[in-house]
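The sequence and structure are shown first.

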Amino acid sequence: MIIYNKKFDLNLKSYGISVPIHDDRASKTFAALGNIVETPIEEISLLSKSDLLLAHSREFVDKLFDDRIIEEIYKCYELVDSEGNFNRYDPSSASKDLKELFETILLHASATSRACELATKKGFCFSLAGGMHHAMSSLGRGFCLINDIVIAARIFQNNNPSSKVSIIDIDAHKGCGSAQITEHDTSIETLSIHMQDGWPLDPQSGQGDWHIPSTIDIPIGLGEENLYLSKLKEGLDRLSHCELAIVVAGADPYEEDILESASGLKLSKEQMLERDLMVYNFLKERKIAQVWVMAGGYGPKTWEIYAQFLKSIREEESF
């Protein structure tokens, strides 16, 4: 099952933001699959304030729904530098109000929750959106304003009492927000395989909640790409069996990704497919419902990573 609607496209340039997230990675992936129907937007129920409170503080959530949202977007997308000047942001070139960006981000999070519903019925669902794993309980970070992953997990748990969820984060960067929000929640386990020395763990980022350990952390050092798959397998084997797994399938470990802060991990296209199939088959064999979200992926070629994986399982999943 695939979830995609053209309204998922962030269109950051239309807000004057020059972060290298290519809107077409989702649309190109969708187009590459062919012969599948776009998800009707009315099938995705927008999350409410109370839903966001499942992962975030009331003070933070209140800011998202009033004029303070602008300041939160500034911080999340790092649009203002330490001297108060605009950074990667030119409001004079914007054709949209920043408040509208939150509406799209909320739609991404809503799609993740919808994907959880579908995965419990179908066994597998990939939402071509979401994966905002850096968002913490009281603030957005790293281009991630709200943590759709934890919100969706807790909505699932509310509808399925006593259930347990695994978050499997294979993005290049540590899933710091998910780890922080679920630090004392034994019903959600977090696995993060990520760059050992890159953001948000580099010295420049300093000490903070982003260093809170995941349930299972798998740091990959510079030049250790040859160890990646074996370390991932060891990590998966340490997971507890659960009712649902949410896979944060960042394409930024790909060697063709252009984001400088992801340059500490350079997997080939073949290794990326092995990565994805390893996680997919691990969950499939154990009959664990699996939800996949896009997370990080920067530059003109990252869509190929999602497309190659989905094409490889298309016959088995019948989408």
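## Pockets, cavity and a helix pair

The largest pocket holds about 580 Å³ of space. Of its 38 lining residues, Ile-21, Gly-142, Phe-143, Gly-296 and Tyr-298 are the closest to its centre. The model is predicted: local features need pLDDT of at least 70, side-chain atom pairs count only at pLDDT 80 or more, and totals for chains, interfaces and linings use all residues. Residues are numbered from 1 along each chain as its sequence is written, and side-chain values use heavy atoms, with hydrogens and water left out.

A pocket is an open set of points, on a 1 Å grid over the protein atoms alone, with protein on both sides within 12 Å along at least five of seven lines; a cavity is a set where a 1.4 Å probe fits but cannot get out, and lining residues have an atom within 4 Å of a point. A volume is the space filled by probe spheres set on the points, which are joined across faces, edges and corners.

Helices α1 (24-33) and α5 each contribute at least two residues to the lining of the largest pocket. Around the second largest pocket there are 16 lining residues, and Lys-7, Glu-100, Glu-103, Thr-104 and Leu-107 are the closest to its centre.

There is one cavity of 30 Å³ or more. Its lining includes Ser-166, Glu-189, His-241, Cys-242 and Arg-286, and β3 (165-169) and α9 (269-285) each supply at least two of the lining residues.

The table gives volumes and lining classes (nonpolar: Ala, Val, Leu, Ile, Met, Phe, Trp, Tyr, Cys and Pro; charged: Asp, Glu, Lys and Arg; polar: the others, Gly among them).

| Space | Volume | Lining residues by class |
|---|---|---|
| Largest pocket | about 580 Å³ | 16 nonpolar, 13 polar, nine charged |
| Second largest pocket | about 280 Å³ | eight nonpolar, two polar, six charged |
| Largest cavity | about 40 Å³ | six nonpolar, three polar, two charged |

Helix α5 (residues 98-122) also packs against helix α4 (residues 69-76), at an angle of about 70° and with the axes 9 Å apart. The two are therefore roughly perpendicular, a term for angles of 65 to 115 degrees. Axes are lines fitted to C-alpha atoms over the stretch in contact, and angles run from 0 to 180 degrees between N-to-C directions. Helices are DSSP runs (H or I, at least four residues), as are strands (E, at least two), numbered from the N terminus.

In contact (heavy atoms within 4.5 Å), Ile-69, Ile-70, Ile-73 and Tyr-74 of α4 meet Leu-98, Lys-99, Leu-101 and Phe-102 of α5. This contact comprises seven nonpolar, no polar and one charged residues.

Terms used
Parallel < 35°, antiparallel > 145°, perpendicular 65-115°, else oblique.
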